[in-house]
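Reader: I would like to learn how to read a structure like this one. Please show it to me, and then take me through it feature by feature.

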Amino acid sequence: MDELDSSNPMAPVAVNETPTSTVVDIKTQQKSDGQVLNRFHSLSIADDGNNNYKFAEFKPTFPKVDWPPLTEVQVTEQGLFADTSKRNLFNAAQKVKHLTPAIGTEILGIDLRQLSDAQKDELALLVAERGVVFFRDQEINIQQQLGLARHFGPLHKHATTPIPKNGLEEVHVVYNDASRRPNPAAFTKLELWHSDVSYEIQPPSTTSLKVITGPEVGGDTLWSSGYALYSSLSPAFQTYLESLTALHSAVAQAEGARAAGLHVRRQEIETVHPVVRVHPATGWKSVYVNPGFTRRIIGVPKAESDAILNFLFHQISDNPDFHVRFKWEPNSVAVWDNRIVTHSATFDFWPAIRHALRATPHGEKPTSVADYERETGKQARDRQLVIWEQQGIKVEQNPIGASTRRGYND
C-alpha cells in the first residue's frame, strides 16, 4: 500500500517476532462496553456520509469475496528494453529535476496518458534507477492508470485493504476524512515504513499512486532508498547481508483486519526473500527488508536477527540521506519501484480529506546476489560505486577500523 491510515486495517503492524525494541502486542483487548478492541485498528470504515463528494464512487469498501492463493506468474522487466539515455521520455519533458542525490526525480511537462511504449519502458528504467518519479497536473483516469501499470506487470489485488465502491478490484484505495481521526497510540512512526505487500511470492514492482483529493498542507509521503542503505554499509557487512534471507509475513495485517470485523479475501501467507536483492534492470544491490512486514532473519539466533533488523529498520526510518519527501497536490502522481524503496506518510492533516488511488503490478520473485550473478553471468553492483565511476571518480573504501575525521562543515 501507500501510506498507512493509522486506523486502517491495511496498515502493517509489528508482532512478537520483530526486534525487541519495536515489538508491539497485537492481541485484542476488551473495551468496557464489551466490544473487541484491536490496538492498531479502528472498527469503523472512514466515510463522512457525503454522497455528493465528487469522487464518492472511489470511497473505500471491503467486499466479502474470496480469492484463491496467488501463484507464480510470468513477468517481463520492461526496463531492460529501455534506451538507457531515456531520450524519448526526456525529450518530451519540459524539465527533469533530481530531488536528492540518492532518490527522487520530478518530471514536468509529461502527460502520462500519452506515453508511448518506448517512453513507458524508459520510465520503468528511470524509476529503477531513481527509486521514485513524480508528476503533477495529471488528468490520467483510473482506467488509464491501470493500463499504464499493466505495461509493467500483472496487477495485484490486495487481500485486506479497501477497493473503491465502484468495484474495481485491482485498485487500492487510500482514504481518510473527518470521520476517522488517526490514533497515535496505535503505532510508532518506525512501524509505518514498508514496501507494499512484500510478503507476496512476487511483490510489486513499478507502482503508481494518484492523489485525487488532498489537504492544503500535510499528508506528505516519504521514500527511503534501499540502494543508498546498501551503499552506506561496510563491505564486510554488505557481504554478510547478501548471504541472508528473511521472513516477510501477512499474518499481522490479516489478523488486524479480522479484529476490525472485516473479511480477509485471500488466506495470508509468509514468504522468505533475500535480505539483499538485485534489480533486474539496473543490476544494482538493494536492502530488501521493511518494518511493516519483515519479521525475522532466517537461520541465525533471535538476538542476532533482532539486532540486524533493528539496525536496518532505523536506517530506513532515520537516515535523511536516503530519503525524499513529496508534497502532494490534487492530480499529482508518484511512480515508485517497490523492489528498491520503502515509504511512509505523515498523518498531520486531520480533519481534511486525503484520497488516493493505487495501481500495483507484480514484479519478479526477489533475486539474491548469488542467483543474479549465476543466472545472468553479470556482476551485481553497488549503485553508488557505479555512479562515481560514471563521474570518473575512483573511490577507495575505508579499511575496517580506520579512523576518520568526524563532524560537519556547517
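Predicted model: local features only at pLDDT ≥ 70, side-chain atom pairs only at ≥ 80, totals over all residues.

Reader: How much space lies in the second largest pocket, and which residues lie nearest its centre?

Author: The general idea comes first. Rolling a probe the size of a water molecule over the atoms shows where empty space is left. Here, about 330 Å³ of space lies in the second largest pocket. Its lining consists of 17 residues, and K86, E129, W284, I387 and Q390 are the ones nearest the centre.

Reader: Which element gives the most to the lining of the second largest pocket?

Author: Helix α2 does, with four residues. Both α2 and α9, residues 383–390, supply at least two residues each.

Reader: What unit does α2 make with β5 and β6?

Author: Strand β5, helix α2 (residues 117–130) and strand β6 make a β-α-β unit, and this unit is right-handed. The two strands, β5 (residues 105–108) and β6, pair in the parallel sense over two bridges. To find the place in the model, look for T105, which stands opposite V133 in β6.

Reader: How should I read the two faces of strand β6?

Author: In a regular strand the side chains alternate between the two faces of the sheet. Strand β6 covers residues 132–135, with V132 and F134 on one side and V133 and F135 on the other. These four residues are all buried, and both faces of β6 are covered.

Reader: In what order do the seven strands of the open sheet stand?

Author: The order is β4-β5-β6-β17-β9-β19-β8, and the pairing is mixed. Strands β4 (95–98) and β8 have a single partner strand each, so one side of each is left without a neighbour in the sheet. From one strand to the next, the twist averages 20°.

Reader: Where can I see the antiparallel pairing of β6 and β17?

Author: Strand β6 pairs with β17 (residues 333–337) over four bridges, in the antiparallel sense. Look for V132, which stands opposite W336 in β17. Strands β4 and β5 also run antiparallel, joined by four bridges. In that pair, H98 stands opposite T105 in β5.

Reader: Which strands form the open sheet of three?

Author: The strands are β16, β10 and β18, in the order β16-β10-β18, with antiparallel pairing. The edges are β16 (323–326) and β18 (341–345), and each of them pairs on one side only. Neighbouring strands in this sheet are turned by 20° against each other on average, direction ignored. Between β10 (residues 221–225) and β18 there are five bridges, and S225 stands opposite V341 in β18.

Reader: How many cavities of 30 Å³ or more does the structure hold?

Author: It holds three. The largest cavity has about 80 Å³ of space. Of the 15 residues that line the largest cavity, G226, V287, V289, V341 and T342 lie nearest its centre. Elements β10, α4 (226–231), β14 (285–287) and β18 each supply at least two residues of this lining. By class, the lining divides into seven nonpolar, seven polar and one charged.

Reader: What volume does the second largest cavity have, and how does its lining divide by class?

Author: Its volume is about 60 Å³. The residues lining the second largest cavity include H156, H158, E169, E170 and R358. Three of the lining residues are nonpolar, five polar and four charged.

Reader: Which residues other than glycine have a positive phi?

Author: One of them is V197, with phi near 35°. V197 lies in the loop between β8 (171–176) and β9 (206–213). Is V197 buried or exposed? V197 is buried, because its relative accessible area is 1% and the cut-off for buried is under 20%. N331 also has a positive phi, of about 75°, and lies in the loop between β16 and β17.

Reader: Where is the cis peptide bond that joins W350 and P351?

Author: P351 is found in the loop between β18 and β19 (354–359). For the bond between W350 and P351, omega is about 15°.

Terms used: Residues numbered from 1 in each chain as written. Heavy atoms only, no water. Buried < 20%, exposed > 50% of the residue type's maximum accessible area, 1.4 Å probe, protein only. Pairing = 2+ DSSP bridges. Right-handed = clockwise from strand over helix to strand, strands pointing away. 1 Å grid on protein atoms, 1.4 Å probe; cavity = no way out; pocket = protein on both sides within 12 Å on 5 of 7 lines; lining within 4 Å. Points joined across faces, edges and corners; volume = space filled by probe spheres on them. Axes fitted to C-alpha atoms, helices over the stretch in contact; angles between N-to-C directions. Nonpolar A, V, L, I, M, F, W, Y, C, P; charged D, E, K, R; others polar.
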